[in-house]
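Me: I have a structure to read and some questions about it. Can we take them one at a time?

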Amino acid sequence: MLSIELENISKRFGERTVFENINLKLESPASLAVIGPNGSGKSTLLKIICGLIRPTQGKVRIKVDGQEIKKEGHRAIFSIVASDIELYEELTALENLGFISRLRDSQHSEIELNQKLEQVGLKGREHEPVGLFSSGMKQRLKYAVALSVSPQILILDEPSSNLDAEGVFLMEKIIEEQKKVGMVILATNDLKETQYARQTYKLVN
Amino acid sequence: MWKLVLFLLMSYVIVAAYLNPAPQQSLGEVSRIFYFHVPVAWISVLAFLVSMLNAVRYLKTRDMLYDLKSSSAAQIGLLFAFLATVSGSIWASVSWGSYWNWDPRQVSIFILLLIYGAYFALRSAIMENEKKATLSAVYSILSFIAVPFLIFVIPRVFESLHPATSVVDENLKITMSPRVSLVFFPSLVGFTVLFFWIWSLQVKISQATELKKGG
Amino acid sequence: MPGKLINWSTKVVAIFKKEIKSEFRTRYAFNSLVMFSVVTLTILSLAVGQFALNDSVKSALLWVVLFFASMSGLAQVFIKEEERKTVSYLKFSASPNLIFLGKFFFNLILLFILEIITVPLFLILFEVRVQSWNLFLAVLFLGSVGLASATTIIAAIVSKTNLKGTLLTILSFPLLLPVLGISIQGTKVAVIGAPFYSGLAEIKFLVSYIVVMLTASLLLFETVWME
C-alpha cells in the first residue's frame with residue numbers, strides 16, 4: 001500500500017512565491033487532478049511531487065506499507081508525461097523506449113518493446129527517428145515510455161495535449177488501468193478532465 | 001571595545017612600519033611594503049578558505065545565510081587579491097625592474113584572481129537565487145580542491161624571483177629578525193581582524209538591504 | 001555486490017552507447033571539434049612560419065590546442081540535454097553518478113578520437129620527432145583523462161546557466177592549469193628522449209589529479225544535476 005504525503009510544500013522563484021504551505025495526502029489506489037489558472041504552478045507542483053524540482057520548503061514523503069522510502073528511491077516509483085519533457089529526436093522510437101527502460105531496470109525483449117509501441121498505436125513506426133514524428137505521435141510515445149517501466153505513480157501534465165480523438169481514448173484507457181494498479185496525478189487546464197480523478201486540488205495565484 | 005584595540009594596533013603597525021629599520025636592507029626602503037603586501041596576500045587566501053567553508057555549509061543546510069557569507073567572503077577576497085597583486089607588482093617594479101614577470105607567487109595570486117573572477121562570472125550568469133547559491137558553492141569547492149595541485153605545479157613550471165625565505169624557511173622556523181617580527185605579526189593579526197570585521201559588516205549590510213527590498 | 005556492479009556498469013554502458021549513437025547521427029560535436037582543432041593548428045603553424053621553435057614551446061602549443069578543443073567540444077554532452085529538454089528522462093532513469101560516468105567516458109572517447117586526428121597532424125606540421133614514445137603516449141593519455149574529468153563536471157554546472165560556452169572556459173581554466181602545466185612538461189621530456197622513469201613524477205601527479213577530480217565530481221555531481 002503506497003502513500004504519498006506533501007508536508008508544507010512551498011516554492012519560490014527568486015522574488016516570486018508560486019505557492020506555499022501545500023499539504024496533501026494520497027493513498028493508493030488514488031487519483032488526483034490539480035487544477036488552477038495559468039501560472040498557478042500546476043506543472044511545478046507535479047515536478048516537485050516526482051522529485052524533478054526541489055521545493056523551497058517542505059518535504060515529500062513516500063511510504064510503502066508504512067515504511068518511508070528514502071529520496072534516492074523516489075525516482076523508481078514515478079513516471080511522467082509532460083509537454084516540456086522531450087525524447088531523443090535522433091533516436092528511433094524503439095531506441096528511446098529501450099534506452100529508458102534499460103536505465104530503469106525494466107528489462108524487456110525487443111518483442112515486448114514492439115508490443116508496447118503497438119499498444120499506443122505506433123505500429124510500423126518503431127524504427128523511425130522521433131524527430132520525424134508529429135506532436136501527437138510523440139505524445140503517444142511518451143505514454144509508451146512512461147508505462148514501459150510500470151510506475152507506481154503516473155504523473156501527467158496536460159494529459160491530452162496534442163492527442164487526436166483516438167489518442168484521447170487511448171489516454172483514458174491508460175489512466176483507468178493505472179488507477180487500478182497505482183496512482184495517477186494529473187494537471188490540467190480543462191475542467192472536464194477532472195472527471196478522470198477521484199480527488200481535485202485547486203491552486204490559486 | 002575591540003574596535004579601539006584594532007585601531008590602536010593598526011596605527012602602531014603603520015607607524016612602526018616606517019620608523020623601524022627597513023626589513024631587508026638590501027632592497028632598501030621599499031621593502032617596508034612587506035608589512036602590508038604579505039598579510040594582504042595571506043588574507044586573500046584565507047578569504048577563499050572561509051568562502052569555501054561557508055559554501056559547504058550552504059550545501060548541507062540550504063540556508064541562504066551561508067551563501068551570503070560565502071559570497072561576501074569571496075568579494076573581500078577578490079579585493080584583497082587585487083590589492084596583493086598591485087602591491088606586489090609595485091614592489092616588483094622597484095626590486096626586480098619590471099612590474100610583472102610570471103614569478104610563481106605572481107602566477108599564484110593571478111590564478112586566485114581568476115578563480116574569484118570565475119566565481120562571480122558564474123553567479124552573474126544565473127537568475128534564481130537558489131540555483132546561483134548551489135552552483136557557485138559547488139564551484140567554490142572544486143576550485144579549492146584544485147589549489148594543492150596548483151601549489152605543486154606553479155613553482156615547477158615557473159622560475160622564482162621572490163625572496164623565498166623572508167618569512168619562514170624550509171624548517172618552518174621564523175627567519176625574520178625580532179625587530180621585523182614585532183611589526184609583521186601585529187600587522188598580520190590586524191589585517192586578519194580587519195577581514196573578519198569587514199566580512200561581518202558586509203553580511204549585515206546585505207541582510208539589511210534584503211529586508212528593505214522585501215518590506 | 002557483484003550483481004550491483006554489473007547492473008551499474010550496464011547502465012553506464014547504456015548511457016555511453018546512447019551518447020555515441022546520438023553523436024554519430026548528428027555529428028553535433030564531432031565535426032565542429034575536428035574542424036576547430038585543424039583550424040587552430042593551421043593558424044598556429046602559419047603564424048610560426050619558418051621560425052624555429054624549441055621543444056618546450058611546441059609541447060605547450062599541443063596542449064593549448066587540446067585545451068581549446070576540449071572547451072569547444074566537451075560541453076555539449078550536457079548542454080544538448082538541457083537545450084533539447086531531454087534531461088528529465090535521465091533524471092528519473094538512473095542514479096546521477098552513473099549518468100556522470102557515462103557522459104565522462106563519452107567525452108573521453110571523443111577526445112581520444114580527436115587526438116588520433118590532430119596529434120599526428122601536430123607532429124607533422126611542427127616537425128616534432130618524439131624520442132620516447134611510451135612516455136609521450138602515457139602523458140597524452142593521462143593528460144586527456146585529466147582534461148576530460150574537470151571539463152565534464154564544469155560542463156554540467158555551465159549547462160544550467162544562461163551563458164554556457166564562454167563560461168566553460170572561464171571556469172575550467174584555473175582547474176585545468178595543473179593538468180596543462182604538467183602535461184606540457186611531460187610531453188617535452190618525452191620529445192627530447194628522456195627515459196620513461198624521468199617522467200614518473202609527472203605521471204604520478206596526473207594520476208592523483210584524475211583520482212581527486214573524479215572523486216570530487218562524483219560527490220558533487222548530484223547537487224548540480226538536480227538543479
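Reply: Start with one term: pLDDT is the predictor's confidence in each residue, from 0 to 100. You need it here because this is a predicted model. In chain C, the mean pLDDT is lowest in α5(C), at 87. Confidence in chain C is highest in α7(C), at 95.

Me: What is the mean pLDDT of chain C as a whole?
Reply: Look at the residues first. In chain C, 100% of them score at least 70. The average pLDDT of chain C is 91.

Me: Which helix of chain B has the highest confidence?
Reply: Chain B has a mean pLDDT of 82, and 85% of its residues reach 70 or more. Confidence in chain B is lowest in helix α1 (residues 2-19), at a mean of 75. At the other end, with a mean of 93, stands helix α4 (residues 104-124) of chain B.

Me: Over which residues of chain B is the pLDDT below 50?
Reply: One stretch of chain B falls below 50. Beyond near neighbours in sequence, this stretch has eight contacts in the model. It covers residues 165-173 of chain B.

Me: What ipTM does the predictor give the complex?
Reply: Two scores come with the complex. The pTM is 0.90. The ipTM is 0.92.

Me: How many helices does chain C have?
Reply: Chain C has zero strands. Along the sequence, its pattern reads α-α-α-α-α-α-α-α-α. The count of helices in chain C is nine.

Me: What radius of gyration does chain C have?
Reply: The C-alpha atoms of chain C fill a box of roughly 55 × 35 × 30 Å along the principal axes. A compact globule with 227 residues would have a radius of gyration near 17 Å. The value for chain C agrees with that: 18 Å.

Me: Which residues of helix α4 of chain C are buried?
Reply: This helix spans residues 76-83 of chain C. Its buried residues pack against α1 (2-26), α2 (28-48), α3 (55-73), α5 (87-93), α6 (96-125) and α7 (133-158) of chain C. The buried residues themselves are Q76(C), V77(C), F78(C) and E81(C).

Me: Which residue takes a positive phi just after α4(C)?
Reply: Go to the end of α4(C) and step just past it. The phi there is about 65°. The residue is K85(C).

Me: Which element gives the largest share of the side of chain C that touches chain B?
Reply: In this contact, 25 residues of chain C meet 24 residues of chain B. On the side of chain C, α7, α8 (165-192) and α9 (200-225) each give two or more residues. By class, that side has 18 nonpolar, five polar and two charged residues. The largest share, 11 residues, comes from α8(C).

Me: How many charged residues are on the side of chain A that touches chain C?
Reply: The contact takes 17 residues from chain A and 17 from chain C. On the side of chain A, β6 (78-81) and α3 (93-103) each give two or more residues. By class, that side has 10 nonpolar and no polar residues. The charged residues number seven.

Me: Why is chain A called as compact as a globular protein of its length?
Reply: Chain A has six helices and nine strands. For 205 residues the globule rule gives 17 Å. Chain A is close to that, so it is as compact as a globular protein of that length, with a radius of gyration of 17 Å.

Me: Which are the edge strands of the open sheet in chain A?
Reply: The open sheet has five strands in the order β6-β7-β8-β3-β9, with parallel pairing. Each edge strand pairs on one side only. The edge strands are β6 and β9 (199-202) of chain A.

Me: Which residue is the bridge partner of V81(A)?
Reply: β6(A) and strand β7 (residues 153-157) of chain A run parallel, joined by four bridges. The partner of V81(A) lies in β7(A). The partner is L156(A).

Terms used: Residues numbered from 1 in each chain as written. Chains lettered and ligands numbered in written order. Predicted model: local features only at pLDDT ≥ 70, side-chain atom pairs only at ≥ 80, totals over all residues. Contact = placed C-beta atoms within 7 Å. Nonpolar A, V, L, I, M, F, W, Y, C, P; charged D, E, K, R; others polar. Pairing = 2+ DSSP bridges. Rg over C-alpha atoms; globule rule 2.2 N^0.38 Å. Buried ≥ 20, exposed ≤ 12 C-beta atoms within 10 Å, placed from the backbone.
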